[in-house]
Amino acid sequence: MPQPALPPSAAATADPEPSGTPAREMDDEDLVEELLATVNSARAYSEFRRTQRKECHNLLRWLQLILPLLEELRDSAPRLTDDAYRRLTLLGRALSAARRLLRSCNDGSKIFLALESEAVLGRFRAVYEKMNSALDGMPYAELDISDEVTEQVSASSIMLLESYLRTDHTITHMILLIKVELMNAQLMRCKKRTDTQDMELSMDLMVILQNNKDEERNADGAIVDRLASKLELQMLPDLRAETVAIKKLISERNGQHADSTKQIIELLHKFKAIAGIDEKNVLGGEVFVTKSLDKCPSLMIPDDFLCPITLEIMTDPVIVASGQTYERRSIQKWLDSGERTCPKTRQPLAHLSLAPNYALKNLILQWCDKHKVELQRREPEPVAEQDGHPREDIPSLVEALSSIHPDVQRKAAKKIRMLSKESPENRALIVGNGGIPALIGLLAYPDKKVQENTVTSLLNLSIDHGNKLLITKGGAIPLIIEILRNGSAEGQENSAATLFSLSMLDENKATIGTLGGIAPLVELLTNGTVRGKKDAATAIFNLILNQQNKVRATQAGIVPALMKVIDDRSLGMVDEALSIFLLLSSHPTCLGEIGTTPFVEKLVQLIKEGTPKNKECALSVLLELGSKKQTLLVHALRFGLHEHLSQIAKTGTSRAQRKANSLIQIAKKCY
């Protein structure tokens, strides 16, 4: 049965078929055995990164379906014609590419795969294209393949098309190419992938990589926490494995892509900080390698010399009660954060004493001397009070929040705000001593500065998932919304950030909307400070993941507010505004207000003149609008869209190219 072809845009990138009689590099039997070995080794991967897990399992399902063809070829050992040999050689290239991709998604850096998800998705498409090119026209009759296996491979081709479509997000142009009714039915079930999680992940990364630090609040902490959860980088073993993967990536990049590498390292630092690990030495800053060693990058450091927490060479190794050895500084920070288990074995520690491991230290020094590796010795960190407030003061500070003396309450709220920003152990002590109910009790305090300090303290505490529940159950949301409406400028900013943090819990999205939190957020987006606008946009994006909140936001005037944000390029919030528009455009009620010709013209202008990310986001919104109302796409074409689509389809980002190609296919129906 002939195999259906991929669309022209896809087939163009597939491996060209060699012409003439192929030069046979191996015997027929060896070729088939190599194909089987490639498939079986690819199927051995199973622990895929969450961001690519769905695509990987789809690819594995296809490999499972193609296996009987290869097994039957091995068992029957037919003499391969030139055409069959050529097809199987092409299939071998496709399978090798699939194995490399699966290995990357199994072992690679989770942060890198999240940041480069669009490019990785492009690799999946390329694999499917190569597979289709190999199977299209496979001479099954010449190979004497049984009808049963031929039908199974044919079914796998349909599945291959579905997999390709999932990575392309749009199926319209593909359906036009497929005439067989059965295949149409298969493809129609493959709806455009709901990529809400992808958009949420992109928005989180966009916000966090702006790296807007604030000394007295953890506005980004909730986003970091959600990212860590999505990427499964919350536990110490996962963070250790990620550190190893990043080091390997840095080595492979050999100094290239410096900006991307910096972003990856910064995110790893943030994830470690959230987990209570204050280590920022991913690149091995403690180890200074002489020029002679620099010429020998293959030198391997013995595993026993590396601290299990930081994966760096230990300068002061100590033994804990479990018998494991760690760098003194790192294990001390682990214990200071309140942990009472061995980081490596997870068994409870019978005592907290640290015994110097002199034998290992001597071995490390001898190895370093032999290989000319110099270790920088750091002075031990002094035990200092945090901002002049010892941790032991926290119980009395929490008690002071409920004092009958206003001055005592003001001072306590200010100190709690600073301490809650400092460390996980401080936050645990504040919550453990009843800090959340006491802070909620101050949210209605008439002094706006007290409100500001109080809501910021709750923002800092809300980083921890359990605290979100406590804050919500304590009745804080309506009081926070009131500060958002009438508080000081900073109080409004931090109220918006707190609502965003609390809205990480899905049930809170509906609650905040029901209690009237959307309208004041739209007002802050319209008339707030620059930071207020950014906080409002982030909160609104998260809240309108709830369908009813999309309608509430539209009724509150979100569309004109976002238009103003796009027009004010000095804000640097075009991508955030377009991301919100993309979510809104999926709702029929909102579509009526968004789908106007002036807005379409604004999108086309961004596609013409915007940054690569602006173009990508604008194309996504226009594709959503044009798919639902073709008259809008017709207007965009009249406004000069087509010439820019062709250019972006060749030179844009991976995602922008896909969107541009999809718009080109839809545009053909408009002529």
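Is Phe305 buried or exposed? Select it and have a look, keeping in mind that this is a predicted model. Phe305 counts as buried, with a relative accessibility of 8%, since the cut-off for that word is under 20%.

**Stop one: the partner of Phe305**

The structure has two aromatic pairs, and Phe305 and Trp367 make up an edge-to-face one, with 6.0 Å from centre to centre and 75° between the planes. Phe305 sits in the loop between α15 (291-294) and β2, while Trp367 belongs to helix α17 (residues 358-370), so this pair ties together parts that lie 62 residues apart in sequence.

**Stop two: the other aromatic pair**

Next, pick Phe581 and Phe599. Their rings form a tilted pair, 4.5 Å centre to centre with 40° between the planes. You'll find Phe581 in helix α31 (residues 574-584) and Phe599 in helix α33 (residues 597-609), so to speak two distant parts of the chain, 18 residues apart, linked by the pair. Both Phe581 and Phe599 are buried.

While you're here, select Lys608 and Phe639. Lys608 lies over the face of Phe639, 5.2 Å from the ring centre.

**Stop three: a sheet**

Switch to cartoon view and go to residues 317-319, which are strand β2. What order do the strands of this open sheet follow? There are three, in the order β3-β2-β4, and the pairing is antiparallel. On the edges are β3 (325-327) and β4 (355-356), each pairing on one side only. Between β2 and β4 there are two bridges, and Ile319 stands opposite Ala355 in β4.

Now show residues 328-336. This is helix α16, which lies across β2, β3 and β4 and runs at about 95° to β3.

**Stop four: helix α26**

For the last stop, select residues 506-514, helix α26. Which of its residues are buried? They are Asn508, Lys509, Ile512 and Gly513. Turn the view to look down the axis of α26: the buried residues fall within an arc of 135°, so they line one face of the helix.

Finally, step just past the end of α26 to Gly516, which takes a positive phi of about 90°.

Technical notes. Residues are numbered from 1 along each chain as its sequence is written. This is a predicted model: local features need pLDDT of at least 70, side-chain atom pairs count only at pLDDT 80 or more; totals for chains, interfaces and linings use all residues. Side-chain values use heavy atoms; hydrogens and water are left out. Two strands pair if DSSP finds at least two bridges between them. Helices (H or I, at least four residues) and strands (E, at least two) are DSSP runs, numbered from the N terminus. Contact means heavy atoms within 4.5 Å. Axes are lines fitted to C-alpha atoms, for helices over the stretch in contact, and angles run from 0 to 180 degrees between N-to-C directions. Buried means under 20% relative accessible area, exposed over 50%, partly exposed in between (1.4 Å probe, protein chains only). The arc is that of the directions from the helix axis to the C-beta atoms. Rings of Phe, Tyr and Trp (its six-membered ring) pair if their centres lie within 6.5 Å; planes under 30 degrees apart count as stacked, over 60 as edge-to-face and the rest as tilted. A charge sits over a ring if NZ of Lys or CZ of Arg is within 6 Å of the ring centre and within 35 degrees of the ring normal.
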